[in-house]
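User: Can you walk me through the charged side chains on this one? Keep it quick.

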Amino acid sequence: MTNDAPDLGTIQRWMQAVLTHPDGVEGGVGSPAARGEIDVPEEELERVVTSSKALSAADRLGVYCNAYHARLLECLREEFTALVHALGADLFDEFAFGYLQAYPSRSYTLYHLGVNFPRYLAETCPADEDPGWAALLIDLATLERVYNEVFDGPGVEGRQLLSAERLLAIPPELWPDARLVLADGFRLIELRSPVHEYISAIRRTEDPAPPAPAETLLAVHRRDYVVRRHLLTRPQYVLLGAIIAGETVGEAIGKAADYAGSDTGEFAASLRDWFCAWAVEGFFQDVVLGQG
């Protein structure tokens, strides 16, 4: 190397910009990120990377570039296994490669790799696509992503949760102003078809048919390092959503009552059972009494 040759750190940053660029080596070499480190045109790449007897400098870089994107595709296949089943491996790879071009990885961790995949599917859905089929694919990607986030995110393992016994011991007059604290990682999700059943069947190595459209409301959380999902009614979904938003139990019940139909007596009688069942499942981390 000459005295003005780039140092190792500069070369490493340049190679990262080139190899991770969604448009391959050519696009990477000409990108502002790469040129900011080493401004070299593609035809002069041998100033940075030597060629071999069989491969040019660009070809050698291309080997690493292809391997990088192949690894990202493999990670997406592992995260969205049900979507792979629904689309088939080849078509899934086409979608996934387009996604990596539109939303290239920007994080040091693969945890964030698939975060925008459901959005990408919605953004690129052809206008003449069957809306039911498109909704199914987006729902599959959405729920599989939620499962991944809940599994890898914060949890309640090792913590004391709000038990059903403690919940039942709260005096009735304190309930309206009480605020329940949902467990870390607790999520609500609204889907247009019961894709949770489809995903579960695939994980059992079955070959399920795509489910028919049907409103599907789920609570998803992690307990004992296992991701669990619970089917909800609309009043339950609204009630838990209001609690997540920080509203009091009284306010949350009032919102849910609007969706309970004409039988308010049955709704009121069900509330105790709902809260007890949810406490047993580990939905609640704590309760704040009074005005909080």
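**Charges and salt bridges**

Analyst: Asp23 is exposed, at a relative accessible area of 54% (exposed is over 50%, buried under 20%, partly exposed in between; 1.4 Å probe, protein chains only). This is a predicted model: local features need pLDDT of at least 70, side-chain atom pairs pLDDT 80 or more, while totals for chains, interfaces and linings use all residues. Numbering runs from 1 along each chain as its sequence is written, and side-chain values use heavy atoms, without hydrogens or water.

User: Where does Asp23 lie?

Analyst: In the loop between helix H1 (8–19) and helix H2 (24–29). Helices are DSSP runs (H or I, at least four residues), numbered from the N terminus.

User: OK, salt bridges. How many in the whole structure?

Analyst: The search finds 18. The criterion is a side-chain nitrogen of Lys or Arg within 4 Å of a carboxyl oxygen of Asp or Glu.

User: What does Glu44 form a salt bridge with?

Analyst: Arg47, with the closest N and O atoms 2.7 Å apart. Glu44 is partly exposed at 34%. Arg47 is exposed at 57%.

User: And which residue pairs with Asp93 in a salt bridge?

Analyst: Arg77, at 2.9 Å between the closest N and O atoms. That pair links distant parts of the chain: Asp93 is in helix H6 (residues 89–102), Arg77 in helix H4, 16 residues apart. Arg77 is partly exposed, at 30%.

User: What about Glu74 and Arg71, how far apart in helix H4?

Analyst: Three residues, about one turn of the helix. Their closest N and O atoms are 3.4 Å apart, in a salt bridge.

User: Which residues are linked in a network?

Analyst: Glu79, Arg145, Glu149 and Arg187, through salt bridges.

Note on methods: Helices (H or I, at least four residues) and strands (E, at least two) are DSSP runs, numbered from the N terminus.
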